Amino acid sequence: ARGLAETDRRIKEGVHTSVAGHLHNIATRYTMYRNPEDAKLFVAVAKRYAESAKPDAAKYGGPWGFDSDFRSFQVIAGWDVLEHEPSLSAEERLAVSNMLLRWVNEAIFPGAKIGLDGRGPVTNHLTFASRGSLLAGLYFSKYYARELPQAAVWLDVAKSNFQRQAAAAKVIDDCDSYQWLTWNHLLGYALALPDDTVFKNGVAAGMLKMCALTMDNLGFQAPYGDSNGWTSGGGELAVLELYYCATRDPLAAAILKIKRAGKKTGPCNFRTALRPDVGEIPAGLQV
């Protein structure tokens with residue numbers, strides 16, 4: 001009941017990532033705990049989401065909501081795991097697959113297709129849509145290659161967009177926030193296919209260099225451009241983790257060691273702990 005109420009709230013209020021963010025959370029929970037109730041909830045929410053996706057001039061972000069494609073990668077990946085839940089029926093699986101197919105066709109792939117009209121580095125908005133299109137292409141090609149030949153097109157367009165960014169060690173989002181999203185998505189694409197272009201041409205090494213040059217001795221990034229306060233938002237961590245996973249670069253290892261030490265703060269945020277106006281840290285708290 002709470003899960004469906006959250007669905008209705010997101011539809012009514014037009015929150016960022018819309019119902020897709022809710023589906024992402026449910027899928028993550030199922031992946032961790034394999035609770036059949038989460039699988040049933042995912043199906044019910046997906047059906048309600050599809051019913052709500054209708055043209056409405058008052059609905060910000062279009063029929064599927066505001067930036068719904070931002071969570072498309074996780075939702076499709078989650079469904080690829082969740083659909084094997086034994087308690088689900090064939091009818092339920094078909095309903096969700098059709099909901100995903102509509103969503104990709106109407107809200108995700110159109111955002112990725114825009115990239116065909118440009119050249120050079122891209123923005124995180126394009127890579128969000130491209131990442132969703134990439135996974136949709138992989139998923140639907142795996143199960144419905146004959147019935148859905150457009151899945152191959154989704155893959156090709158997503159590859160084209162990521163290959164544009166793979167040729168440049170700088171992104172359009174020149175700031176310590178959104179640039180890490182774009183690079184995160186690029187490295188995720190590179191490792192998923194795999195496509196080792198960014199590692200061979202030095203672009204990935206350029207990301208690491210940028211991180212090292214703009215970091216202080218506490219492990220925080222300098223807040224340049226559209227950024228999140230004086231201690232950075234932490235988006236670089238995902239990029240570093242992916243880069244180190246692929247290369248085992250000792251510089252990446254050294255930076256990660258510093259950053260992990262600063263962010264292992266439990267319930268006490270490290271940024272908050274540095275401020276003098278928040279009182280004492282509770283006894284016994286590991287910081």
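Predicted model: local features only at pLDDT ≥ 70, side-chain atom pairs only at ≥ 80, totals over all residues.
Colleague: Thanks! Which residue meets Lys259 in a salt bridge?
Modeller: Side chains of opposite charge can pair when their charged atoms come close. A salt bridge here is a side-chain nitrogen of Lys or Arg within 4 Å of a carboxyl oxygen of Asp or Glu. For Lys259, the N to O distance is 2.7 Å, and the partner is Glu236.

Colleague: How many residues apart are Lys259 and Glu236?
Modeller: Helices (H or I, at least four residues) and strands (E, at least two) are DSSP runs, numbered from the N terminus. The salt bridge between Lys259 and Glu236 links distant parts of the chain: Lys259 is in helix H12 (residues 250-263) and Glu236 in helix H11 (residues 236-247), a separation of 23 residues.

Colleague: And which residue forms a salt bridge with Glu241?
Modeller: The closest N and O atoms of this pair are 2.9 Å apart, and the partner of Glu241 is Arg260. This pair also links helix H11, which holds Glu241, to helix H12, 19 residues apart. Glu241 is partly exposed at 34% relative accessibility.

Colleague: Why are Arg102 and Glu106 separated by about one helical turn?
Modeller: Their side chains meet in a salt bridge, 3.1 Å from N to O. Arg102 is partly exposed at 29% relative accessible area, and Glu106 is partly exposed at 43%. The separation is about one helical turn because, within helix H5, Arg102 and Glu106 are four residues apart.

Colleague: How many salt bridges does the structure hold?
Modeller: Besides the pairs above, there is a network of salt bridges that links Glu6, Arg9, Arg10 and Glu13. For the structure, the count is twelve.

Colleague: I always check cysteines. How many disulfides are there?
Modeller: A disulfide is a covalent bond between the sulfur atoms of two cysteines, and the rule used is a pair of cysteine sulfur atoms within 2.5 Å. Cys175, buried at 4% relative accessibility, has its sulfur 14 Å from the closest cysteine sulfur, in Cys211, so that pair is too far for a bond. The sulfur of Cys245 is also too far for a bond, because its closest cysteine sulfur, again in Cys211, is 17 Å away. By this rule the count is zero.

Colleague: Which aromatic residue is stacked with Phe42?
Modeller: Rings of Phe, Tyr and Trp (its six-membered ring) pair if their centres lie within 6.5 Å; planes under 30 degrees apart count as stacked, over 60 as edge-to-face and the rest as tilted. The structure holds 13 aromatic pairs. In this one the ring centres are 5.6 Å apart and the planes at 10 degrees, so Phe42 is stacked with Trp79. The pair ties helix H3 (residues 36-52) to helix H4 (residues 72-82), 37 residues apart in sequence, through Phe42 and Trp79.

Colleague: Which residue forms a stacked aromatic pair with Tyr189?
Modeller: The two rings are 4.8 Å centre to centre with 10 degrees between the planes, and Tyr189 has Phe162 as its partner. The pair links helix H8 to helix H7 (residues 150-165), 27 residues apart. Tyr189 is buried at 2% relative accessibility, and at 1% so is Phe162.

Colleague: Last one: which helix gives the most to the lining of the largest pocket?
Modeller: On a 1 Å grid over the protein atoms alone, a pocket is an open set of points where a 1.4 Å probe fits, with protein on both sides within 12 Å along at least five of seven lines, and lining residues have an atom within 4 Å of a point. Grid points are joined across faces, edges and corners, and a volume is the space filled by probe spheres set on the points. The largest pocket has a volume of about 290 Å³, and of its 17 lining residues those closest to the centre are Gly61, Asp69, Ala107, Pro110 and Gly111. With four residues, the helix that gives the most to this lining is H5.

Methods
Residues numbered from 1 in each chain as written. Heavy atoms only, no water. Buried < 20%, exposed > 50% of the residue type's maximum accessible area, 1.4 Å probe, protein only.
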